[in-house]
Amino acid sequence: MLFHVLTIFPELLSSPLEEGIIRRARKDGKIEIMITDIREFALDKHTMTDDRPFGGGEGMVMKPEPLAAAIRQARDGQAESHVVLLSPQGRRYDQNIAADLAGKKNIILVCGRYEGVDERIRANFVDEELSIGDYILTGGELAAMVIIDSVTRLLPGVLGCAGSAECDTFSRGGLKYPQYTRPRDFEGHEVPDILLSGDHEKIAQWRFAAAVKTTMEKRPDLLDAMSFSKKELKLLQKYGVCLDTSCRK
């Protein structure tokens, strides 16, 4: 998969994309990341990529000519390009969107700045607008890194344990079960006995019930979109997990 990031601050992205799983995925050829400085496509000697908004108002707006040229170059020779504008006005990014993007071959991430990009770019050059939350960042670079990270870890062969992504929080719509590691006793707080039993079926059942309970406690809003089989409902009842709205915090 190719990620092509268009930004006016390319150095901002260099270090985070050279660490951990992303670095290994690049080294193994699972992903390729290209970073293009939009200023290279500016039309004046001062490499201006922004200007004041028509009609007046606060701040600056990113000019259309450099953005259009940068997008055209990123698309050139790349089949099935998908252009994403990182914007607080976009669709809220979540695990389902990450899974959809993981099926793309070439994702072009356009990092907005200032008061945003000229509307003609959004209307004519962008396939999708995405937002990573209801807050304002100084630019789209951090959002681009969030998307690269979350999509990359879903690609086959990227994570060391193949089942990790399938068992993640949000993989089924809810949160993940609590995790424990050595020592068995930490300052008087012991690991649940079931996790030491060696009975994998019972451990899986405990983890399922614990995941639903954790979701109820921390993100009850997620439960409305989750569904359970009769067998799972019986299992939850066995572990004392009540799904009734009166039981939720």
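Both faces of strand E6 are covered: Asn 106, Ile 108 and Val 110 are buried on one side, and Ile 107, Leu 109 and Cys 111 are buried on the other. Buried here means under 20% relative accessible area, exposed means over 50%, and partly exposed is in between (1.4 Å probe, protein chains only). Six of the six residues of E6 (residues 106–111) are buried, so this strand is largely enclosed by the rest of the structure.

Keep in mind that this is a predicted model, where local features need pLDDT of at least 70 and side-chain atom pairs count only at pLDDT 80 or more, while totals for chains, interfaces and linings use all residues. Residues are numbered from 1 along each chain as its sequence is written, and side-chain values use heavy atoms, with hydrogens and water left out.

**Around E6**

- Helices (H or I, at least four residues) and strands (E, at least two) are DSSP runs, numbered from the N terminus.
- Strand E1 (residues 2–7) runs parallel to E6, and five bridges join them; strands count as paired if DSSP finds at least two bridges between them.
- In that pairing, Val 5 sits opposite Leu 109 of E6.
- Strand E5 (residues 81–92) also pairs with E6 in the parallel sense, over six bridges.
- Two spots to look at are Val 83, which faces Ile 108 of E6, and Leu 86, which faces Cys 111 of E6.
- Leu 86 has a bridge partner in E7 as well, namely Leu 130.
- E5 and strand E7 (residues 128–131) run parallel and are joined by five bridges.
- E5, helix H4 (residues 95–101) and E6 form a right-handed β-α-β unit. Right-handed means that, with the strands pointing away from the viewer, the path from the first strand over the helix to the second runs clockwise.

**The nonpolar cores**

- A nonpolar core is a set of buried Ala, Val, Leu, Ile, Met, Phe, Trp, Tyr and Cys residues joined through side-chain atoms within 4.5 Å.
- The largest one has 28 residues, and Phe 3, Leu 109 and Val 151 touch the most other members.
- E1, helix H2 (20–27), E5, H4, E6 and helix H6 (141–152) each put at least two residues into this core.
- H6 is the top contributor to this core, with six residues.
- A second, separate core has 18 residues, among them Ala 68, Ala 70, Val 110 and Val 117.
- Leaving aside neighbours within four places in sequence, Phe 3 is in contact with residues including Ile 107, Leu 109, Ile 148 and Val 151; contact means heavy atoms within 4.5 Å.

**Leu 17, a loop residue**

- Leu 17 lies in the loop between helix H1 (11–14) and H2.
- This leucine is buried, with a relative accessible area of 3%.
- Beyond its neighbours within four places in sequence, Leu 17 is in contact with Ile 22, Arg 23, Arg 26, Ile 33, Ile 35, Met 145 and Ile 148.
- Leu 17 and Met 145 are 128 residues apart along the chain, yet their C-alpha atoms are separated by 7.7 Å.

- Most residues other than glycine have a negative phi, and most peptide bonds are trans.
- The Arg 182 to Pro 183 peptide bond is cis, with omega near 5°, and Pro 183 lies in the loop between H6 and strand E8 (185–186).
- Thr 47 has a positive phi, near 50°, and belongs to the loop between strand E2 (32–37) and strand E3 (50–51). With a relative accessible area of 33%, Thr 47 is partly exposed.
- Glu 80 also isn't a glycine, but its phi is positive at about 55°. Glu 80 is in the loop between helix H3 (64–75) and E5, and at 55% relative accessibility it counts as exposed.

**The whole chain**

- The protein has eight helices and nine strands.
- Its radius of gyration is 23 Å, whereas a compact globule of 249 residues would have one near 18 Å. This radius is taken over C-alpha atoms, and the globule rule is 2.2 Å times the number of residues to the power 0.38.
- The C-alpha trace spans about 70 × 45 × 40 Å along its principal axes.
- Of the 249 residues, 41% count as buried.
- Among contacts between residues at least 6 apart in sequence, 76% join residues at least 24 apart.
- The accessible surface is about 15000 Å², with 50% belonging to carbon and sulfur atoms; the areas come from the Shrake-Rupley method with a 1.4 Å probe, and for residues only the protein chains shown count as cover.
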